[in-house]
Amino acid sequence: MTSQLSKQENLKYANPKKLAELGRSVADRLNVHPQVQWLESPHVQFFVHQNFLSDSDCAMLIDMIEANSQPSNLYKGTEREGYRTSDSCNVDIADPDIRRIDDSICDLMGLPNTHSEILQGQRYKAGQEFKDHHDFFHESEPYWKFEATNGGQRTWTAMVYLNEPEEGGATAFPQLEYQVEPRKGMLLTWNNMGLDGRPNLNTLHAGTPVIKGTKYIITKWFRFNRWKGRWFD
Ligand SMILES: O=C(O)CCC(=O)C(=O)O
Ligand SMILES: [Fe+2]
């Protein structure tokens, strides 16, 4: 199936040259940040920041997720039984604490919050998982035509672990043969585009099943253009 967009149109929504520049500018910023560590992958621009969120912010977000979670969605038309079994919530972006946390992630990345989706909270109970997937949009899928004009390609992902489940729940990158164990307050971020500014298949990842305890995270997806789903600007 094709994206039904002309090559020329597609450049407005996912321009490899500009996406490569964006990747470099974020990576340059993160590389000189004293608290950010580069996870040395030649294949993916990949970083962590320990203790990005305080214990009290983690606790506040967990309470919010507990109060507002609904079963997680997969993209309409791409649903597969058992693929994403966690619960999710869109946080209340009018809440000043949420705005502060949202802004602090944008500030870390050097990306405008207008070009990002609302933070999403997720809860995985024992046995729940989010199987291998890419966060970028597959430009050959029918949904691309909508997402192209709704903010364009998903560029960087930033997620923060709000707690440490007793067992399981790592974020696994099978192509990199690498997995990140949840650490309370730790932010993990990667560029879903490659150095060439095109969707990077090496970013395939999964939230592996929680075996014991519960896992809570927040995730933020940055977009190439202004995200039209935002209602508060
Ligand atoms: O739960 C995880 O560790 C990964 C979550 C994830 O991949 C996502 O929210 O896109
Ligand atoms: Fe993901």
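Predicted model: local features only at pLDDT ≥ 70, side-chain atom pairs only at ≥ 80, totals over all residues.
**Entry 1**

Residues are numbered from 1 along each chain as its sequence is written, and chains are lettered from A and ligands numbered from 1 in the order in which they are written.

I found N51 in the loop between β2 (46-49) and α3 (55-68), where helices (H or I, at least four residues) and strands (E, at least two) are DSSP runs numbered from the N terminus. The phi of N51 is near 50 degrees, a positive value in a residue other than glycine. Most residues other than glycine have a negative phi. I then looked up E177, whose phi is also positive and near 50 degrees, and which sits in the loop between β9 (171-173) and β10 (178-180). With 7 C-beta neighbours inside 10 Å, E177 counts as exposed.

**Entry 1: the open sheet**

I traced eight strands that form an open sheet in the order β1-β2-β11-β7-β14-β5-β4-β3, with antiparallel pairing. The edges are held by β1 (36-38) and β3 (70-71), each with a single partner strand, so one side of each is left without a neighbour in the sheet. For pairing I required that DSSP find at least two bridges between two strands.

Strand β5 (residues 120-124) has four of its five residues buried, so β5 is largely enclosed by the rest of the structure. Strand β4 (residues 87-90) runs antiparallel to β5 and is joined to it by four bridges, with N90 opposite Q120. With β14, β5 pairs in the antiparallel sense over five bridges, and there the partner of R123 is Y216. I also checked β7 (residues 154-161) and β11 (residues 187-191), an antiparallel pair with five bridges, in which V160 stands opposite L187 of β11.

Which residues are around ligand 1? I listed Q122, F130, D135, T171, H205, G207, I217 and T219, taking a residue as near if its C-beta atom, placed from the backbone, lies within 6 Å of the molecule. Two strands, β12 (205-207) and β14 (215-223), each supply at least two residues of this shell. I sorted the shell into two nonpolar, five polar and one charged residue, with Ala, Val, Leu, Ile, Met, Phe, Trp, Tyr, Cys and Pro counted as nonpolar, Asp, Glu, Lys and Arg as charged, and the others, Gly among them, as polar.

From the unreviewed UniProt entry I took the feature "domain: Fe2OG dioxygenase" at residues 114-224; such annotations may be inferred rather than shown by experiment. Over residues 114-224 I noted 5% helix and 41% strand, with the end C-alpha atoms 10 Å apart.

**Entry 2: the whole chain**

I counted five helices and 14 strands in the chain, and noted that buried residues make up 37% of its 233 residues. The C-alpha trace spans about 50 × 40 × 40 Å along its principal axes.

Note on methods
Buried ≥ 20, exposed ≤ 12 C-beta atoms within 10 Å, placed from the backbone.
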